[in-house]
Amino acid sequence: MSWVEMGAVVLAGVWAGAINTLVGSGTLVTFPVLLAIGTPAVTANVSNSIGLVAGGVSGTIGYLPELKGMGRRVLQLVPMSVLGAITGALLLLWLPPEAFEAIVPVLIGIGILLVIFGPRLQAWSKARHEDGGRMPTSHLVALMAGVLVAGVYGGYFGAAQGVILIGLLSALSTEPLQALNGLKNVLGLFVNAVGSLVFIVTAPELIDWRIALLVAVGAITGGVLGARYGRRLPANVLRAVIVVVGLAGLVKFVFFP
C-alpha cells in the first residue's frame, strides 16, 4: 500500500467516523475506498468494521451529555444489538454476499420513512397515552425487534445501519432527537464491537490489521468532530441530514451495487 493509498484510507476513516456519529452511513465511504485500492471485499468489510469501532467510541463519548436519563433504554436495547451483531457476523462468514442484497435497500427505505414521519408518529403516540413520556409495551417490543434486525444487518455489513436505527428510535420513542442520536451511537458501537470480536475469534485470516488501524486513526478524529458539531444541530436540520444521507445510500445500493 502506497503512502497516497494510506492517506486516502485515513481520510475516508475521518469522514466515516464523523458521518457515523451524526447519521450512520460511514461504511458507504470507507468500503468503496478499500475496494479501490485492491482490498478483497470480505477483508475490506471485516477490517473496516474493526477500524470503525474506534470512531464509535469517540462519537459515543462526545454524546454522553445527551444520554443522561437514557440508562434504562440502553439496558433494554443493547442486548438486542449484541445478539443481532453476533448473528449478522456469523451470517457474513457462512452465507454468500448476495444473500442480503435484496433486503438492504428495503431496510434503508423504511429507515428514511421512519425518520421523516417520526415526529407525527410520536405525536400520535402521545395523544393516545396520557403520560406521553412512557413508551407503550407494544412500542417497546417493536423497537427491540427492530433493533435486533438492525443488529443483524450491522453485523453483516453495516452501511446505513444508523439510518435504520434512528428511524426506529424516532418513530417509537418520545425522547428528543439528539438524545436518540446518542442512543443510536451506543447501539451502533456495540454492534461494531461485538461483530468485530466475532471476526477476530473465528476468522482472523480475513483481517488486514494495517487497514483496520488506518481506518481507526481516521475514525477517532471523525467521531470527535461529528459529536462536536452534530450535537449543535437543531432537530429538523439533523433530521434533514439523516434523510439526505439515507437517500444517497439508497441510490448507491439500488443503482450502483
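The following legends describe close-up views of a predicted model of one protein chain.

Residues carry numbers from 1 along each chain as its sequence is written, and side-chain values rest on heavy atoms, with hydrogens and water left out. Because the model is predicted, local features need pLDDT of at least 70 and side-chain atom pairs count only at pLDDT 80 or more, whereas totals for chains, interfaces and linings use all residues.

**Figure 1. Overview of the helical chain.** The secondary structure comprises 10 helices and 0 strands; helices (H or I, at least four residues) and strands (E, at least two) are DSSP runs numbered from the N terminus. Of the 257 residues, 55% are buried, where buried means under 20% relative accessible area, exposed over 50%, and partly exposed in between (1.4 Å probe, protein chains only). Among contacts with a separation of 6 or more, 84% join residues 24 or more positions apart; a contact means heavy atoms within 4.5 Å. The chain exposes about 11,400 Å², of which carbon and sulfur atoms supply 72%. Accessible areas come from the Shrake-Rupley method with a 1.4 Å probe, and for residues only the protein chains shown count as cover.

Figure 2. The model holds 2 cavities of 30 Å³ or more. On a 1 Å grid over the protein atoms alone, a cavity is a set of points where a 1.4 Å probe fits but cannot get out, and lining residues have an atom within 4 Å of a point. Grid points are joined across faces, edges and corners, and a volume is the space filled by probe spheres set on the points. The largest cavity contains about 290 Å³ of space. Its lining has 26 residues, and those closest to the centre are Asn 20, Gln 161, Gly 188, Leu 189 and Asn 192. Helices α1 (3-22), α3 (41-62), α7 (161-172) and α8 (177-202) each supply at least two lining residues, and α3 provides the largest share, with 7 residues. By residue class, the lining of the largest cavity divides into 5 nonpolar, 20 polar and 1 charged. Here Ala, Val, Leu, Ile, Met, Phe, Trp, Tyr, Cys and Pro count as nonpolar, Asp, Glu, Lys and Arg as charged, and the others, Gly among them, as polar.

**Figure 3. The second largest cavity.** This cavity has a volume of about 30 Å³. It is lined by Ser 49, Gly 154, Gly 155, Val 191, Asn 192, Gly 195, Ser 196 and Phe 199. Both α6 (137-156) and α8 supply at least two residues of this lining, with α8 giving the most, 5 residues. The lining of the second largest cavity comprises 2 nonpolar and 6 polar residues, and no charged ones.

Figure 4. The expected span of a helix is 1.5 Å times one less than its number of residues. Helix α1 has 20 residues and reaches 29 Å from its first C-alpha to its last, close to the expected 28 Å. Buried residues of α1 include Met 6, Val 9, Ile 19 and Leu 22. Just after α1, Gly 24 adopts a positive phi of about 115 degrees. The end C-alpha atoms of α6 are 29 Å apart, which agrees with the 28 Å that its 20 residues should span. Among the buried residues of α6 are His 139, Leu 143, Gly 154 and Gly 155.

Figure 5. Val 78 lies in α4 (residues 71-94) and is buried, with a relative accessible area of 12%. Not counting residues up to four places away in sequence, Val 78 touches Val 186, Leu 187 and Phe 190. The C-alpha atoms of Val 78 and Met 144 are separated by 9.1 Å, although these residues stand 66 apart along the chain. Ser 81 is also found in α4 and counts as buried at 1% relative accessibility. With neighbours within four places in sequence left aside, Ser 81 is in contact with Val 147, Gly 151, Leu 187 and Val 191.

**Figure 6. Glu 175 in the loop between α7 and α8.** Glu 175 counts as buried because its relative accessibility is 17%. The C-alpha atoms of Glu 175 and Gly 69 are separated by 9.9 Å, and the two residues are 106 apart along the chain.

Terms used:
On a 1 Å grid over the protein atoms alone, a cavity is a set of points where a 1.4 Å probe fits but cannot get out, and a pocket is an open set with protein on both sides within 12 Å along at least five of seven lines; lining residues have an atom within 4 Å of a point.
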